[in-house]
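Here are my notes on the model you sent.

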Amino acid sequence: IGTPDDITLRLRNGKRERVLLDYKCPGKEILDGYKKDGVPFGYTAQLHHYLIVAKDAGIKINALQLVPFDYHGGANTLIMPVSHDPALEQEIKDTAEVLWDQFVMRGRVPEPMTAQPLRVEAPEVGDAMRRAGVAA
């Protein structure tokens with residue numbers, strides 16, 4: 001199950017292509033992070049999930065794009081292409097299969113994941129982490 005925000009058509013090199021889009025409306029700091037660091041992994045995974053849903057529905061997708069709306073400096077949108085990663089697509093499928101088979105079909109709820117303390121070898125790093133409130 002997935003609800004892509006949009007699938008549009010574009011003309012590229014004289015050919016029509018379907019583009020799967022995910023719109024975002026981030027705050028300024030988050031948008032600045034997108035501009036600096038690119039598409040966050042979570043959104044890359046989300047677009048790949050939607051790609052799987054589209055393929056299962058028989059819809060051929062030619063491109064994936066994250067489209068954050070920049071309402072801070074005017075009414076602009078960024079178009080951020082996301083490269084198709086077949087390995088990520090397969091990992092999502094494999095994980096979904098395990099979760100479905102091992103939990104949903106058996107009426108089980110997975111145990112929550114808990115953070116484990118980090119093991120730090122260098123004392124100065126451990127001291128800095130403790131000052132920052134991170135368990136080391």
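1. Contact here means heavy atoms within 4.5 Å. The model is a predicted one. With neighbours within four places in sequence left aside, Leu-64 is in contact with Leu-20, Leu-47, His-48, Leu-51, Met-80, Pro-81 and Val-82.

2. Leu-64 is also one of the twelve residues of the largest nonpolar core. Two or more residues each come from α1 (28–37), α2 (41–56), β3 (63–70) and β5 (80–82). Helix α2 gives the largest share, four residues. In soluble globular proteins, nonpolar side chains tend to be buried together.

3. Gln-65 lies in strand β3. Is Gln-65 buried or exposed? Its relative accessibility is 10%, so Gln-65 counts as buried, the cut-off for buried being under 20%.

4. On the fold: the protein has four helices and five strands. Read from the N terminus, the order of elements is β-β-α-α-β-β-β-α-α. Among contacts with a separation of 6 or more, 54% join residues 24 or more positions apart.

5. On burial and surface: 24% of the 136 residues count as buried. The accessible surface of the protein is about 9,800 Å², and carbon and sulfur atoms account for 56% of that surface.

Key: Residues numbered from 1 in each chain as written. Predicted model: local features only at pLDDT ≥ 70, side-chain atom pairs only at ≥ 80, totals over all residues. Heavy atoms only, no water. Core = buried A, V, L, I, M, F, W, Y, C linked by side-chain atoms within 4.5 Å. Buried < 20%, exposed > 50% of the residue type's maximum accessible area, 1.4 Å probe, protein only. Areas by Shrake-Rupley, 256 points an atom, 1.4 Å probe, with all protein chains shown as cover.
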